[in-house]
Amino acid sequence: MADAGYWLPHWIGGEGRRLYAALHPARAPAPGCGVLLVPPLLHEQLRSRRMLTQIAIRLADAGIACLRFDFLGSGDSDGRGDCMDLASMCEDIGIAMAALRASTGVAEAAVLAFRGGALPLSSWLATSGDVDRVVLWEPIVDGAGWMDELADADAAELCSPARYPLRRGMPVEHNDRHLMGFEVSPRLRPGLASVQVGTGAWRHRPETWGVLRPDVQLPSLALQRVFELPADAARIGDSTRMDGALFVSPGLQRVVDALAVALTQPQPQSRPERPMAREASAP
Amino acid sequence: MNQVVTFGPGQHLVGILSGDSASTAPVLVLPNAGLIPRAGPFRLHVELAERLAAHGIRTFRFDTPGVGEAPRLPGCNTQEATLAALDHLATHHGVGRFVVGGVCSAADLGWATATRDRRVVGMLMLDGISFIGFWFHFARILGALQRGPRAWFGIARRLLGRTAASTAGSGSGAGRKPFVAGERGWPARIEARRQFAALAQRGTRSLWIYTGGYADLFLHPRQFAAAFGRAARDPQVTLHYWPDCDHTFYARQHRERLVGTIEDWMVAQDRAGWAAP
């Protein structure tokens, strides 16, 4: 495993199916908790790469080991874009969770899933996955609705005068194996569209928290805690452009710190349903 | 085979070295483009790595300080990080020659590194350094005329609005930030000509592609020779102008054209023989 100073970039998974991963060892007395960061999908993954790195660094500074990874066919992982579908992503989450547990020996494992990453995570939890805690960061809960949104956004990009100033509005030919600029599998859209994220479908009942905007309610999720995002928090999904990288703002730092404190608190012995508490970040 | 490589001050920078370690061909070094992480716009660099690896050509993609996973490193800017990458590959992987570049800021790094380091035997210049002049203005006026009288009113209004905004000294909230060559570290035109002539003289090969997404800076293929002089016509220089493409090659078919063009160019240079460092 290479050493980049604060974290360790390496490969996980088998030959021909290697996933790029980065392990952030706990840099404070470890409370025995580890977090797997599940990235957002497509253009949102690259846009948010720096933000996820900064979040992992901050959690590791608080004593929580973190593992980031790229899905097969995305980021720096093996495979072309057409390798990635719902089944492969579920498999990747399983591989990454096993790698986190094996490399850190943590007693408690949590998953922090961003935006569209909630879709394969929910599918994994509905089939084979088991973790102690789940944190959903502005999750996409309606896979079909999101696929429609992306199809519209993609069509707009292909005839955007800002992107193609010399085409005079003549759209670039659409391609079914293309979405938001990325090569995709024909199985990706129907797979993601089939997912409605709901805690009721999960085989086990991990403690589930949300990191949400103040005005957002997600009735399909039984969230035990909600951390409210401040106004200066980057909106991962608000642009289709990849050249706008997202950063951890001062307000967002406070949310991540609050999340770190909460994650280091002991897990309840049982997993009862509890009323939701919303926690706003202090100004 | 892909290999994770750490390098630079404190080994804090990370790159992916792809391809056959026994290869003696120059390594294509791909710094991140703008703020887009090292996988490249829509994974362009990953696709390139896979295609070139089939020809035994290695690639190395990495994040410069402050982009993607890379921390900001005091005393190590993007140019120094690129030179650190070259030094590391030379010391630890036996690489003696490099082709450096990519899209936009990565092309700028290709130019800057080539002018500083003789180990750079090729440059990949995708929407890189450019100077407007007669042919740019000619193409802009021609384009406006071709759009017909209905478009002229809007063009005149935009031009007048831009002039009024610049006179008032205020940037338009809805407008685009005016381009400033110095912000990209470009030399003045006369210095760029001198540098390009020197690069051509030492045998540096270069592939230049300008896209329609660069319409604020490049609008006509003859603009290239007008900007760079005699060196632009050197047989070691390859130029394409693709007005139908955007700056980051969003559409799959455009990216496929780009990857194929770079692949063909790299293989052809390899067959012809690169210059010695």
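Which residue of chain B forms a salt bridge with A:Arg80, and how far apart are the closest N and O atoms? I began with this pair, noting that the model is predicted.

**Entry 1: the pair at A:Arg80.** I found that A:Arg80 forms a salt bridge with B:Glu50, with the closest N and O atoms 3.6 Å apart. I then looked up where the two residues lie. A:Arg80 belongs to the loop between β4 (65-69) and α3 (86-104) of chain A, and B:Glu50 to helix α1 (residues 44-53) of chain B, so the pair joins two chains.

**Entry 2: the interface.** I noted that 48 residues of chain A are in contact with 48 residues of chain B. The two chains bury about 3900 Å² between them, and 53% of this is on carbon and sulfur atoms. On the chain A side, the residues that lose the most area to chain B are A:Arg50, A:Arg80 and A:Leu166, which together account for 16% of what that side buries.

Entry 3: I traced an open sheet of eight strands in chain B, in the order β1-β2-β4-β3-β5-β6-β7-β8, with mixed pairing. β1 (2-7) and β8 (237-242) of chain B stand at the edges with a single partner strand each, so one side of each has no neighbour in the sheet. The twist from one strand to the next averages 20 degrees.

Strand β2 (residues 13-18) of chain B runs antiparallel to strand β4 (residues 59-62) of chain B, and four bridges join them. B:Ile16 stands opposite B:Arg61 in β4(B).

**Entry 4: helices of chain B.** I found helix α3 (residues 105-116) of chain B packed on the sheet, where it touches β3 (27-31), β5 (98-103), β6 (120-126) and β7 (205-211) of chain B. The direction of α3(B) makes about 150 degrees with that of β5(B).

I next looked up helix α2 (residues 78-93) of chain B, whose axis comes within 10 Å of that of α3(B) and crosses it at roughly 65 degrees. The crossing is right-handed. From α2(B), the contact is made by B:Thr78, B:Gln79, B:Thr82, B:Leu83 and B:Leu86, and from α3(B) by B:Leu109, B:Ala112, B:Thr113 and B:Arg116. By class, I recorded four nonpolar, four polar and one charged residues in the contact of α2(B) with α3(B).

Key
Residues are numbered from 1 along each chain as its sequence is written. Chains are lettered from A and ligands numbered from 1 in the order in which they are written. This is a predicted model: local features need pLDDT of at least 70, side-chain atom pairs count only at pLDDT 80 or more; totals for chains, interfaces and linings use all residues. Side-chain values use heavy atoms; hydrogens and water are left out. Two strands pair if DSSP finds at least two bridges between them. Axes are lines fitted to C-alpha atoms, for helices over the stretch in contact, and angles run from 0 to 180 degrees between N-to-C directions. Contact means heavy atoms within 4.5 Å. A crossing is left-handed if the near helix is turned anticlockwise from the far one by less than a right angle, and right-handed if clockwise. Ala, Val, Leu, Ile, Met, Phe, Trp, Tyr, Cys and Pro count as nonpolar, Asp, Glu, Lys and Arg as charged, and the others, Gly among them, as polar. Buried area is the accessible area (1.4 Å probe) that two parts lose on being put together, summed over both. A salt bridge is a side-chain nitrogen of Lys or Arg within 4 Å of a carboxyl oxygen of Asp or Glu.
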